[in-house]
Amino acid sequence: MDILTRRKFLIASGVTGAGALAAGATAYGLSDLFDTAGDRDQDSRTLVLVTLYGGNDGLNTVVPYADPAYHDARPELAYSAEEVKRLDDRVGLNPALTGLHGLFTAGRLAIVRGVGYPTPDRSHFRSMDIWQTARPDRPEHTGWLGRWLDGAGGDPRLAVSFEPTLPPLLAGARSAGAAVPVTGRQARRPFADKTLASLAAAESGEPAGQARAAACFADLRAVDKMITEVREAAAAEEAENADAEEQPGATATGGARSSLQAQLDLVAQCVEVGVSSRVFSVSLGGFDTHADEKQLQAVLLGQVDRALSGFLDRMARSDAGRKVVVAVYSEFGRRVRANASDGTDHGTASDVFLMGTGVRGGLYGEAPNLTELDDGDLRFTTDFRDVYATLLERVLDTDPDQVLGHWPGRLPGVLT
Amino acid sequence: MVDRDAVAHLLRRATLGPTAAEVDAAERDGVAATLDRLLAPTGRDAGAAATPAPRLGADPFAGLDKKPSREQRQQAQRERAAQARRLADWWLDRMVAADHQLTEKLVFFWHGHWATSVRKVKSAQLMLGQLDTFRAQGRGRFEPLVRAMVRDPALILWLDGQKNTRAAPNENLARELMELFTLGIGNYTEADVKAGARALTGWQVDRDTAKARFVPRRHDPGEKTILGQTAAFDADSYARLLAARPEAGAFVAARLWFRFGSEDTAPPDSLAAATDGTTTGTLRAIFTSPAFAQTRGQLVKQPVEWIVGAMRQLGVRPGRLAEKERRELSNRLAGMDQVPLRPPSVGGWPAGEAWLTTSSLQARMRLATLLAGAAAPAVLQGLSAAPRAGRPDALARLLVVDRWTARTRTALTALADNPERLLAGGLISPEYTVC
């Protein structure tokens, strides 16, 4: 698992940390920030893609508690009808997912059942490659949102990752999203801005690669500027709240803020000030549990639950936030049957969660049958590219064929 | 009178990054003699001899009990990871130290071509074995290389050849063999993939001995029809069939042109006809084709090429860096998405502008600072010795850049008071990013 989270397509940026900016930042208010806000169509939606690295056990996330086959296959690992947070008379959510259960009840969580791809690969990295490139059938260098970015003009600010490294899914053929770490170690750029500005200038007649190398300096300065502004805005807001002796968020979570939560906080700030970004990528690792899985998974799902439900509540309070659609996936689910060490091994199809004000809540697609297995594994019922195509079309206003090749599949009705 | 720009162009492409002294020597010797020396180096490679491959020892899993405890397994996994790091560190050091540079660059080319990753193979021993095969077979005809590769343990594990049996054929290796390694997409059918997989059945990797062995009872001895030919193909005869196809020659020549010539222009028609069927023959045809001279600046340096070249020019040996710096170096290489032994997929590494992102730029800037700080004192003294106004030109000579644009000259002139800053500035310049 280690390998996946450390897989570095591109490296963390050294943007000045928020702490350094907090001091002099009160001069800015949220409302008068951001020239980039004007670049954006106010009606456009924003995609927040949440990657759970390591293969989250889908059957213990959306639990088929009423199915005897579920209890037979994993007696020690199974959740009982009394334990789950019920969604209907057949399935319920993991007990750790109380916040998401509330969202489901409020009609803002859609669960797409049995999502996968043909001839599943049980290798973490190959399966994650497949999910991130959206090309199950052949090796591919570009991520699906990277290809979207190529088509959308290539400005790295359009697709931002708050992970330590840029995930493959944001790498296009001609462009790539911006990687911005949540907590910089106050890492300052090794070069003065003056040097970067000089090197950013275009020269006529130079080779294409050389011109692109120069343009990277301009892109980097643009990303820096955007993030600095977001952090200044956040610092200003915090300062205002401090004056009012109010600390929103400080008690809402009770406990250490997970890395996912910190990433989503920054997304929320960006969305609220109306940056031009259309895609945010965040992630949480550690789902590669093979033993003593039940407790470990519950801890991780608890983190996911607190981070996501807090984020969605916050998003529901602003116009820009109500245009946010969150999608959560992992590279595969687990095998139906438990292994000998109270865990499950790498499996196949699992569920994708879609959340937001613009989402029509409910269960979508068909739950895989627990007794008609393919060599011990669930057979997928919805191709993951149907989900991507829907997100491209309805959230990013893009013809999915440009990104996925010809792909007619959609999830009808899930987005308003 | 030899055009210095022309020999510099040849050396930038045929080495992992030439030093000014190497360009000087090539200018003296002329293009033809330089090319001969690159393609068929004579004499002992002192740099390579000084950097022998590490003795990795046995696979840590080989010594475990039949049913190891979780702790034993974890310990063995840690040792495996350490062996893989050691091998990657060594290889980088070898690339910097080797005198026979084209030989070393070809090993790296074939590594990207047969893109096998230690992430799945999980054995430094087997990865080193594969590199040895590239070293032994990578310069000659294609057929011996393909025959060696279909029984290469690392490749077999990487593409599930291990699972490919008569009872349950696994098509992974056969498909990639034709699509990515020998023929190229469109030059075979799905039926060829199925039949090819049957030909490859029966090879098993024994991790304890680090060898692949043929297990007859797992092999499908029946007749197969592959690419229109019917016979009881096995791995060897299938490999020979593929290597003999005209598509294979054209495919490999195009791949070589793509990495040594240009990503933007198609390989010249003359390429296939001009070669004697060996890799070095194809390279000679590439480097001597009129089209090659027109490709200056058209390749974006791969991160490994960028860093190895910089270390050669700055007199830095990664093997002699402190452990902390060596780790930062390999972490930042990962930040630029190119760690030797870990290609992102069987498709190999990307090329061209895909390397040029804001994220990779940040890794490059940090590496440039690290390398400039580690530069040999003589290198910094050489820059300081030039009058301030002449330092950008001295830097261009050091880094084998033909000339700076006005933009970059402005940026570098502002850094000229501090040779270390100047050096780092040169390394991140757009001109140094391409070759």
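**Confidence in chain A**

Chain A has a mean pLDDT of 80, with 82% of its residues at 70 or more.

| Stretch of chain A | pLDDT | Contacts beyond four places in sequence |
|---|---|---|
| residues 1-38 | under 50 | 102 contacts |
| residues 244-257 | under 50 | eight contacts |

Where pLDDT is low, predicted coordinates should not be read in detail.

**Contact between the chains**

Chain A contributes 42 residues to the contact, and chain B contributes 41 residues. On the side of chain A that touches chain B, the elements giving two or more residues are α5 (124-133), β7 (178-179), α7 (193-199) and α8 (208-243) of chain A. Of these, α8(A) gives the most, with ten residues. By class, this side of chain A has 23 nonpolar, nine polar and ten charged residues.

**A sheet in chain A**

Chain A has an open sheet of three strands in the order β2-β4-β3, with antiparallel pairing. Its edge strands are β2 (62-63) and β3 (85-86) of chain A, each of which pairs on one side only. Strand β4 (residues 92-93) of chain A is joined to β3(A) by two bridges, and the two strands run antiparallel. Opposite A:L93 in β4(A) stands A:K85.

**Domains of chain B**

Chain B is divided into domain 1 (100-244) and domain 2 (303-433). Taken over C-alpha atoms, the centres of domain 1 and domain 2 of chain B are separated by 37 Å. The two domains are in contact through eleven residues of domain 1 of chain B and nine residues of domain 2 of chain B. On the domain 1 side, α6 (101-113), α7 (118-121) and α11 (172-182) of chain B each supply at least two residues. The most come from α6(B), with three residues. The residues on this side of domain 1 of chain B comprise six nonpolar, three polar and two charged.

**A helix pair in chain B**

Helices α21 (residues 377-385) and α24 (residues 419-428) of chain B have axes that come within 9 Å and cross at roughly 100°. An angle of 65 to 115 degrees counts as roughly perpendicular, and α21(B) and α24(B) are therefore roughly perpendicular to each other. In this pair, B:L380, B:L383 and B:S384 of α21(B) meet B:P419, B:E420, B:L422 and B:L423 of α24(B). The contact of α21(B) with α24(B) has five nonpolar residues, one polar and one charged.

Methods:
Residues numbered from 1 in each chain as written. Chains lettered and ligands numbered in written order. Predicted model: local features only at pLDDT ≥ 70, side-chain atom pairs only at ≥ 80, totals over all residues. Contact = placed C-beta atoms within 7 Å. Helix = DSSP H or I, 4+ residues; strand = E, 2+ residues; numbered from the N terminus. Nonpolar A, V, L, I, M, F, W, Y, C, P; charged D, E, K, R; others polar. pLDDT = per-residue confidence, 0-100. Axes fitted to C-alpha atoms, helices over the stretch in contact; angles between N-to-C directions. Parallel < 35°, antiparallel > 145°, perpendicular 65-115°, else oblique. Pairing = 2+ DSSP bridges. Domains from an automatic or database assignment.
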